[in-house]
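Here are some notes for a colleague who is opening this entry for the first time. Please read them with the sequence and the model side by side.

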Amino acid sequence: MSTAESRLTTAAPPDAEKSQATKETLEDYTLRFAPRSYRRWTPMIVATTALGGIAYMADFSIGAGIGLAHGTGNALVAIALAAAVIFVTGFPLAYYGARYNIDLDLITRGSGFGYYGSVLTGVIFASFTFIFFALEGSIMAQGLELGLGLPLWLGYAISTLMVIPLVIYGMKALSKLQVWTTPVWLVLMVAPLVYLIATDPGTVDRFLSYPGSDGDGGINASSVLLGAGVCLSLIAQIGEQIDYLRFMPPRTEANKRSWWTAVVMAGPGWVVLGALKQAIGVFLAVYVIAEVGADAAPEPIQQFKGAFDAMLPSWLVIPLAVALVVISQIKINVTNAYSGSLAWTNSFTRVTRHYPGRLVFVLVNLGFALALMEADMFSFLNSILGFYSNCAIAWVVTVATDIGINKYLLKLSPLQPEFRRGMLYAVNPVGVVAFVAASGLSIAMYFHALGDTLQPYSPVAAAVIAFVLTPLMAIVTRGRYYLRRTDDGIDEPLLDAEGNPSAVTLDCHVCRQPYERPDLTACATHGAAVCSLCLSTDKVGDHVLPAQPTTA
């Protein structure tokens, strides 16, 4: 189809619903490929914005919980093991998000799950965002209770409502917030740690020798794996990183060094800082136990209050501790609310073929988070994260394996990601079977269904089963369920000469807006181009291209 033909506008004017959906998604490209015309940030600005989203305090609680239960040695090994798995699995996902400018849901569709199959993982990711929103909101409420005397229920409400104005405006507002607040956050986090180590070296000895309540100070596999399982609940954080990385500029010869640096640093590299924060959480928890008592040790506000007490005048301690907690909570929870709204909107729109507006799901996600906070999720944090990690590991390992092995090694999965309706099968058994089997069996193990001995190994089972079944299913199905079509009906190439998504624009004949080439396919009934959102909301399928006959 020629460019001239693609600009035909033979359809009736768009209805109000479609017009509103188009207006909203063009702000942050919900459900869409992020076009080059919008991606005006430098690689380092994108990386700084993405890393600003991991300023959460939950790492300190997670590290403290593992260290207090299993001892410092087991905690540090568990943290390192989980970090290695998260880095390795996160790299191919981050690369695809940055290179092809699509979020993790769109990557998942074409990496083994299919157009509707990835709704499963969309719900998993949305759950991740409200679980961690609730965790961060609980930590902020603890800070407000300590600093201002507010009851926890009111602190929960404040921590929930205050992010709404910030998250409505998408990437433009979030990039400014993250860049300006990151230096303050880093100083407040690092300064007390450096002071304690410099002025009292004995804190390091106490930290390294802490045995934990369940151990004798030695390292054992069961404790390490239980701790790693909790840390691995954070494996889905790569989805939030990609929500920023999809706005990376095109990779060229001129910027390839800074481009790769940004992708590695803000993609899988987030876990380096995350692991350090978890280790710091163990250190501060052991310090607080010695100075105050065990009850306060898992709470970040108490950890930093204890550290600030050692280096600052008493009148300044609580204000700075509260400031650190509030800044951290705002930085991460605008990301949780933003990414969660994208995930819910993606899933809902595909299932119902109706776009309700991202703001609706900002409120839905915050409602779930507030309910968890009011249920005092902080008191059973490790149990929630240990269970959740099985689903998250199965999902991320499945997609990473499909990219690394099925695409590049076996060449059974198409190398270029596909996300458009009509181009993909509804369900691809490769990813769906691998994910369901891996998560189902590992959850059964976690709840002792296969015996107490195997229970600590549930995260290992989730990773191994997903890693083995993903290529096995691709071989069994011979890769036939990845693409419903290989031709999208438009002659203009999807990629430019440097392998970046093409910046050529064509008009969607349904909503009458210009879109860059990767966001469009030909329309089945009119021959003109139609954008991915109009395809998603096509209730009767008039615009969806028919399947191509297979040669298999």
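**Notes on a predicted model**

1. Glu299 counts as partly exposed, because its relative accessibility is 23%, and buried would require a value under 20%. Between Glu299 and Leu284 there are 9.9 Å in space, C-alpha to C-alpha, for a separation of 15 residues in sequence.

2. The next point concerns a pair of helices. Two packed helices are described by the angle between their axes together with the distance between those axes. For helix H4 (residues 58-70) and helix H12 (residues 221-231), the packing angle is about 165° and the axes are 10 Å apart. Since angles over 145 degrees count as roughly antiparallel, H4 is therefore roughly antiparallel to H12, and H4 passes H12 in a right-handed crossing.

3. The residues that make this contact can be listed by helix: H4 contributes Ile62, Ile66 and His70, while H12 contributes Ser223, Leu226, Gly227, Val230 and Cys231.

4. The crossing of H7 and H17 is left-handed, and the residues of their contact divide into 20 nonpolar, 11 polar and two charged.

5. How many disulfides does the model contain? With a disulfide taken as a pair of cysteine sulfur atoms within 2.5 Å, the count comes to zero. Cys534 illustrates the point, because the closest cysteine sulfur to its own, in Cys531, is 3.5 Å away and thus too far for a bond. Cys534 also counts as buried, because its relative accessibility is 2%.

6. Cys523 deserves a separate remark. The closest cysteine sulfur to that of Cys523 belongs to Cys508 and lies 8.5 Å away, so the two are too far apart for a bond. Is Cys523 buried or exposed? Cys523 counts as buried, because its relative accessibility is 4%.

Key:
Residues numbered from 1 in each chain as written. Predicted model: local features only at pLDDT ≥ 70, side-chain atom pairs only at ≥ 80, totals over all residues. Heavy atoms only, no water. Buried < 20%, exposed > 50% of the residue type's maximum accessible area, 1.4 Å probe, protein only. Axes fitted to C-alpha atoms, helices over the stretch in contact; angles between N-to-C directions. Helix = DSSP H or I, 4+ residues; strand = E, 2+ residues; numbered from the N terminus. Parallel < 35°, antiparallel > 145°, perpendicular 65-115°, else oblique. Left-handed = near helix turned anticlockwise from the far one by under 90°. Contact = heavy atoms within 4.5 Å. Nonpolar A, V, L, I, M, F, W, Y, C, P; charged D, E, K, R; others polar.
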